[in-house]
Amino acid sequence: MLDALVGEPERALLAAVKVLALFVTAVVVFRFTGRRALAELAPFDFVTAVAVGALIGRTATATDATWLDGAAALITLLLAHLAVVHLRFMPGVRRMADPPPRLIVHDGVVQQPALRRCGMTRQDLDVVLRQHGVTEVAAVRLAVFEPSGVVSVIARTEQGEHDLPVPNGPVHGG
């Protein structure tokens, strides 16, 4: 029973050394590929972040995987991510890599089909609006679900004044 819980201390030490080495490798490679993967989680960024975690965890605990195996896979994954980041300037790749922005409120009217495509309920939208200091959807000129997953809100103002943007906030709906 104790062996099942503790195992071989040498393997545990090896796993700790490998995870530390892979962590340092990831930090260095992320430094050269830019902060985008951690700052703005578009869908392909999210996939990369999850894959990096899985790769580090698997390599650290696998007895048949060396640091070099994990580092090679990690570097390849992050270089592929960097390639997608740069290839997104091509319209066809951008359409595949980034979801389009969606108008979810226009002149106080909720665009229900767009809201549904964003995976948001009306309650999710109400939460986001409250986070922006808006208590009624009628007070919203525009609300846009952005590719990064945040909702931009532009509130209506008094007649004759310019519309004022409301600061962005994260969306956790869906």
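Author: Before we start, contact here means heavy atoms within 4.5 Å. Also keep in mind that this is a predicted model.

Reader: Okay, which residues does Thr-59 touch, not counting those up to four places away in sequence?

Author: Thr-59 sits in helix H4. Leaving out residues up to four places away in sequence, its partners are Lys-18, Leu-22, Ala-65, Thr-66 and Gly-70.

Reader: Is Thr-59 buried or exposed?

Author: The cut-off for buried is under 20% relative accessible area. Thr-59 has a relative accessible area of 6%, so Thr-59 counts as buried.

Reader: And which backbone oxygen does the side chain of Thr-59 reach?

Author: Thr-59 belongs to helix H4. At 2.9 Å, its side chain reaches the backbone oxygen of Leu-55.

Reader: What about Ala-62: how far apart in space are Ala-62 and Arg-11?

Author: Ala-62 lies in the loop between helix H4 (43–61) and helix H5 (67–87). Its relative accessible area is 4%, so Ala-62 is buried. In sequence, Ala-62 and Arg-11 are 51 residues apart, but C-alpha to C-alpha the gap in space is 9.4 Å.

Reader: Is Phe-23 buried or exposed?

Author: You'll find Phe-23 in helix H2 (residues 9–33). Together with Val-19, Leu-20, Val-24, Val-27 and Val-28, Phe-23 makes a nonpolar surface patch of about 520 Å². Exposed means over 50% relative accessible area. Phe-23 comes in at 52%, so Phe-23 is exposed.

Reader: Let's go inside, then. How many residues has the largest nonpolar core?

Author: Strand E1 (102–106), helix H7 (112–117), helix H8 (122–131), strand E3 (140–145) and strand E4 (150–155) each give this largest core at least two residues. Ile-104, Val-105, Met-120, Leu-125 and Val-151 have the most contacts inside the core, whose residue count is 17.

Reader: How many residues are in the second, separate core?

Author: Among its members are Leu-22, Phe-30, Ile-56 and Leu-78. This second core is separate, and its residue count is 9.

Reader: Last one: what part of the accessible surface belongs to carbon and sulfur atoms?

Author: Of the 174 residues in the chain, 33% are buried. The accessible surface of the chain is about 11,200 Å², and the part belonging to carbon and sulfur atoms is 65%.

Key
Residues are numbered from 1 along each chain as its sequence is written. This is a predicted model: local features need pLDDT of at least 70, side-chain atom pairs count only at pLDDT 80 or more; totals for chains, interfaces and linings use all residues. Side-chain values use heavy atoms; hydrogens and water are left out. Helices (H or I, at least four residues) and strands (E, at least two) are DSSP runs, numbered from the N terminus. Buried means under 20% relative accessible area, exposed over 50%, partly exposed in between (1.4 Å probe, protein chains only). Accessible areas come from the Shrake-Rupley method with a 1.4 Å probe; for residues, only the protein chains shown count as cover. A nonpolar core is a set of buried Ala, Val, Leu, Ile, Met, Phe, Trp, Tyr and Cys residues joined through side-chain atoms within 4.5 Å. Patches are made of residues with over 30% relative accessible area and no salt bridge: like charges are joined within 9 Å, nonpolar side chains (Val, Leu, Ile, Met, Phe, Trp, Tyr) within 5 Å. A salt bridge is a side-chain nitrogen of Lys or Arg within 4 Å of a carboxyl oxygen of Asp or Glu. A polar contact is a pair of N or O atoms within 3.5 Å; within protein, one must be able to donate a hydrogen and the other to accept it, and residues adjacent in sequence count only if both atoms are side-chain atoms.
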